Amino acid sequence: MTAQEIVRAWGRILQGKRPSLSIEITRECPLRCPGCYAYEPGHPGEGLLLRELADYKGDALVANILRVVDDRRPLHLSLVGGDPLVRYRELDKLLPLLEQRGIHVQVVTSAFREIPADWAALKLLRITVSIDGLQPEHDVRRRPATYDRILKNITGHCVNVHCTITAQMMQRGGYLQEFLQFWTPRQEVNKVWFSMFTPQKGASGPEILSRVQRERAVEDLLRLRKLHTKLDMAPAAIRAFLNPPASPEECIFATTTEVLSADLKTRVTPCQFGGTPDCSQCGCVASMGMAAVGDYKLGGVVRLQSIYKTSRRMGDAVAKLHPIPRKTKMKGRAA
Ligand code: SF4
Ligand code: SF4
């Protein structure tokens, strides 16, 4: 983020607005990844399932996303799913229009299909490809978005790679290093980020890291960032995995990002995970990055988190005095 963007983001917070918006643009995904939070019961809200929400297609999807964006005017927009490439024709129309509006856009995808060549010319677009570990594990978990397909589908693009570390990956030493050795030499890869698997409260499952595994992952990342410059994670952000925000209210990322699901009405709360995520075991790289910024002491005295909280309270008060109408009129009917 540039200094100018930080100032603009702060301005939004003081107006009681959220500078970032994330939209699940479709309920569909051809993959069935184990541990996927988007399709967990209750993800979009209690008693709701993403696959059962109505969503939009074609021109109605393009027009309605623009309406939402023009209403919220975010500085940064994430387009997620399901898999957003299910709607690649709509994105072909939408992405240039978002670029014209000066909005930084991130498309998060499994790259199960070819990324359209024209997208490489969009300056404000960042494509993030989710890769679940080394080829033998990834190809089982993410079929049909296998390594071979990803390599073919990202040709001619410059993408960021995002990997969610699971307990299975930490069962043997050197796993993260091998991952970086495979992906960082490729010219299509710009940056690599790691998250850690984030469970819901009270959940059990093979992906959940033990405390010891989490500590080992942090040690590995701190060492590996010196060897692989494309591993774009600051030491403070890596260390934040050991001390995640205590609650959604303490999470700068959650409180600065509005998440809308596929019907473009339902708000996913308290953060992109939906449901009741276990903040004490949070592994979201964005949340850790923000937590590290919040921990920074201005002039060595005041934590930025305290200034942010005060700004947010002021913004909430402003928003109460001048409520922002949130009834974006949609085009067409969601199906
Ligand atoms: S690609 Fe993403 S949305 Fe689709 S099943 Fe896998 S994790 Fe879930
Ligand atoms: S991103 Fe992590 S810390 Fe923030 S609200 Fe969600 S689970 Fe909690």
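**Loops, sheet and ligand shells of the predicted model**

Glycine 156 is exposed, because 12 other C-beta atoms lie within 10 Å of its own and a residue counts as exposed at 12 or fewer. The structure described here is a predicted model, and in it glycine 156 occupies the loop that runs between helix H5 (147-153) and strand E5 (159-165). When residues up to four places away in sequence are left out, glycine 156 touches Ala117 and Ala120. The C-alpha atom of glycine 156 is separated by 21 Å from that of aspartate 232, the two residues being 76 residues apart along the chain.

The strands form an open sheet of 7 members in the order E6-E5-E4-E3-E2-E1-E7, and the pairing is parallel. Strand E6 (189-196) and strand E7 (257-260) stand at the edges, where each has a single partner strand, so one side of each is left without a neighbour in the sheet. From one strand to the next, the twist averages 20°.

Within this sheet, strand E1 (residues 20-24) is mostly covered, with 5 of its 5 residues buried. In a regular strand the side chains alternate between the two faces of the sheet. Helix H2 (residues 58-72) lies across E1, E2 and E7, and runs at about 160° to E1.

Two packed helices are described by the angle between their axes and the distance between the axes. For helix H6 (residues 175-183) and helix H7 (residues 211-227), the angle is about 35° and the axes are 10 Å apart, and the crossing of H6 and H7 is right-handed. Leu176, Gln177 and Leu180 of H6 make the contact with Asp220, Leu221 and Leu224 of H7; by class, the residues of this contact comprise 4 nonpolar, 1 polar and 1 charged.

Arginine 73, found in the loop between H2 and E2, has a phi near 50°, a positive value in a residue other than glycine. Alanine 111 is buried, because 25 other C-beta atoms lie within 10 Å.

Cis peptide bonds are found at two proline residues, proline 144 and proline 270. The bond from arginine 143 to proline 144 is cis with omega near 10°, and proline 144 lies in the loop between helix H4 (135-141) and H5. A cis peptide bond also joins threonine 269 and proline 270, with omega about -5°, and proline 270 is placed in the loop between E7 and helix H10 (285-295).

The surroundings of two ligands were examined by residue class. Ligand 1 is surrounded by Cys29, Leu31, Arg32, Cys33, Cys36, Ala38, Tyr39, Gly81, Gly82, Asp83 and Ser110, a shell that divides into 6 nonpolar, 3 polar and 2 charged residues. Around ligand 2 there are 15 residues, of which the closest are Cys251, Cys271, Pro277, Cys279 and Cys282. The shell of ligand 2 divides into 13 nonpolar and 2 polar residues, with no charged residue.

Key: Residues are numbered from 1 along each chain as its sequence is written. Chains are lettered from A and ligands numbered from 1 in the order in which they are written. This is a predicted model: local features need pLDDT of at least 70, side-chain atom pairs count only at pLDDT 80 or more; totals for chains, interfaces and linings use all residues. A residue is near a molecule or strand if its C-beta atom, placed from the backbone, lies within 6 Å of it. Ala, Val, Leu, Ile, Met, Phe, Trp, Tyr, Cys and Pro count as nonpolar, Asp, Glu, Lys and Arg as charged, and the others, Gly among them, as polar. Axes are lines fitted to C-alpha atoms, for helices over the stretch in contact, and angles run from 0 to 180 degrees between N-to-C directions. Helices (H or I, at least four residues) and strands (E, at least two) are DSSP runs, numbered from the N terminus. A crossing is left-handed if the near helix is turned anticlockwise from the far one by less than a right angle, and right-handed if clockwise. Two residues are in contact if their C-beta atoms, placed from the backbone, lie within 7 Å. A residue is buried if 20 or more other C-beta atoms lie within 10 Å of its own, exposed if 12 or fewer, and partly exposed in between; C-beta atoms are placed from the backbone. Two strands pair if DSSP finds at least two bridges between them.
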